[in-house]
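Subject: Structure handover

Hello,

Here is the structure you are taking over. Please open it first, then read the notes below it.

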Amino acid sequence: MIEPYDLAVIGGGVNGAGIARDAAGRGARVLLLEAGDLASGTSSASTKLIHGGLRYLEHYEFALVRESLSEREALWTIAPHIIHPLRFVLPYVKGLRPRWLLRLGLFLYDHIGGRKLLPATRTINLARHAAGAPLKPGFTTGFEYSDGAVDDARLVVLNAMDAAERGAEILTRTPVTSARREGEGWIIDTPAGQFRARALVNAAGPEVLAVEGLIGDKPDYAMRLVRGSHIVVRKLFDHPYAYFFQLPDGRIFFAIPYRRDFTLIGTTDADQKPGDPIKASAEEIDYLCEGASAYFRVPVTPADVVWSYSGVRPLIDDGSGKPEAATRGYRLDLSGEGEGAPLLSVYGGKITTYRHLAEEAVDLLTPRLAALTGAAWTTTRPLPGGDFPVDGLEAFKAVLAGENPDLDEPTIDRVARAYGTRARRWLTQPRGEHFGAGLWQAEVDYLVAHEWTRSVEDVLWRRSKLGLLLNAAQVARLGEYLGG
Ligand SMILES: Cc1cc2nc3c(=O)[nH]c(=O)nc-3n(C[C@H](O)[C@H](O)[C@H](O)COP(=O)(O)OP(=O)(O)OC[C@H]3O[C@@H](n4cnc5c(N)ncnc54)[C@H](O)[C@@H]3O)c2cc1C
């Protein structure tokens, strides 16, 4: 059946879900169409940082760094469950970037983004600092600075949930196969049927040009698709600091404490050729292991890798030589008045800038879409479950633990960080079957009923990362429960 939506959004990554949420909150009837699961594209494969991007300063991307830095605290405030501050340690290495340059970069980083909540940079002596202990001897000077970590896949789902609670319809596993202008609006074809909307947003991430092809639209920008891979190993250190490491080739990579028991190491930058699998290659895994082994006392080998993942960055091709130099900024392009029903295309973008990008996108559409009557609103309104003080996670965990004395501390920690106050929606239900590692039937049922979850992969690798903990038999049982 053809439904007259105000706005149809193609793509359920962070940008599409953010735009759907913003527009629904400003009064539009929104339809979001996602080919696979929510966040099944790049938005679950990032380094999971809410960051200004210290290294972008080297590429003079001051406007992008300023925007990202100011988003950092705004996002933490609206999602204090899935976002947490991290202190990064950047060791000075003789022969690489000089000390004065690191100091200057960090000074700018501290000051250009309106930092209010996060602590400032400080110089540290790695011989005495906890972060020095796992490193090889010889690193003396270092710098400690602030950024944030996010559960990227859950950020997408929470935006989609909030959009749905404001009236949006979210259809996953519904690829758009074509779209055309007809009369005052768009006709959109999918295997699930045809839809009608007054305006269309193309937020297909790395597929933005492919979707333009389906729509018959002329691309406004050339895109450069750059793959980035990460490896996850058992935890390499016991302190809460993350590392920002430099490599002799000028690149940088991170080693980040991950999910209590693991360390996340990445990323790489490799041009992604059409048809290549989006998968960490053996060379990328070796590169990350060698990079980590240059810093840590205990070497990291490919045999230590318990999980790896890859994503493709949808970058605007700005003619930069090296893939890591291509701009991380974004562009929004709105079709002209004379071209008929509005089409807005999203090129590029970071997880960190998604809220601001969505706000700009909806601002641009407002003069062309009568249903968009509200003003910008997403800076302060919490995402589902994030309705507690920005520094209130530990207090909230204590309350949750008191309410659920049967759950162990790792489960309380995981659940609080994933769902925030929404956890109560299923923690108050009978627990049912235990699938392992603190995953109960009540949680799975909630994910199916409220978070568009269908498959084992949705549960174990996007709504959670329990895939790191469940064994093969437990995974098989969960699959049986989910019906396939
Ligand atoms: C390795 C790596 C590390 C990164 N690290 C960070 C980081 O730490 N911090 C940060 O801020 N940013 C980071 N980024 C950038 C960030 O992850 C991306 O810019 C962002 O996730 C892009 O979101 P998106 O919504 O535009 O695209 P996507 O997440 O790819 O979403 C697009 C969606 O469109 C869907 N789609 C495609 N075609 C169709 C169709 N025909 N019909 C319906 N749906 C369709 C896809 O299935 C997909 O889900 C990183 C990126 C990479 C690759």
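Helix H9 (409-419) gives the most to the lining of the second largest pocket, with six residues. Helices (H or I, at least four residues) and strands (E, at least two) are DSSP runs, numbered from the N terminus. A pocket is found on a 1 Å grid over the protein atoms alone: it is an open set of points where a 1.4 Å probe fits, with protein on both sides within 12 Å along at least five of seven lines, and lining residues have an atom within 4 Å of a point.

This is a predicted model, in which local features need pLDDT of at least 70 and side-chain atom pairs count only at pLDDT 80 or more, while totals for chains, interfaces and linings use all residues. Residues are numbered from 1 along each chain as its sequence is written, and side-chain values use heavy atoms, with hydrogens and water left out.

The second largest pocket holds about 1,000 Å³ of space, a volume filled by probe spheres set on grid points that are joined across faces, edges and corners. Of its 38 lining residues, Tyr258, Arg259, Arg260, Asp413 and Arg417 are the closest to the centre. The lining divides into 19 nonpolar residues, six polar and 13 charged. Here Ala, Val, Leu, Ile, Met, Phe, Trp, Tyr, Cys and Pro count as nonpolar, Asp, Glu, Lys and Arg as charged, and the others, Gly among them, as polar.

Where does this pocket lie? Domain 2 (79-150 + 224-315) and domain 3 (393-481) both give residues to its lining, so the pocket lies between them. The domain bounds come from an automatic or database domain assignment. Contact (heavy atoms within 4.5 Å) joins 14 residues of domain 1 to 14 residues of domain 3.

The largest nonpolar core has 75 residues, and Val9 is one of those with the most contacts inside it. Such a core is a set of buried Ala, Val, Leu, Ile, Met, Phe, Trp, Tyr and Cys residues joined through side-chain atoms within 4.5 Å. Buried means under 20% relative accessible area (1.4 Å probe, protein chains only). Among the residues that Val9 touches are Ile19, Val30 and Val201.

Leu49 is in strand E3 (residues 49-50) and is buried, with a relative accessible area of 5%. Its contacts include Leu86, Phe88 and Phe254.

Regards

Methods:
Buried means under 20% relative accessible area, exposed over 50%, partly exposed in between (1.4 Å probe, protein chains only). Lists of a residue's contacts leave out its neighbours within four places in sequence.
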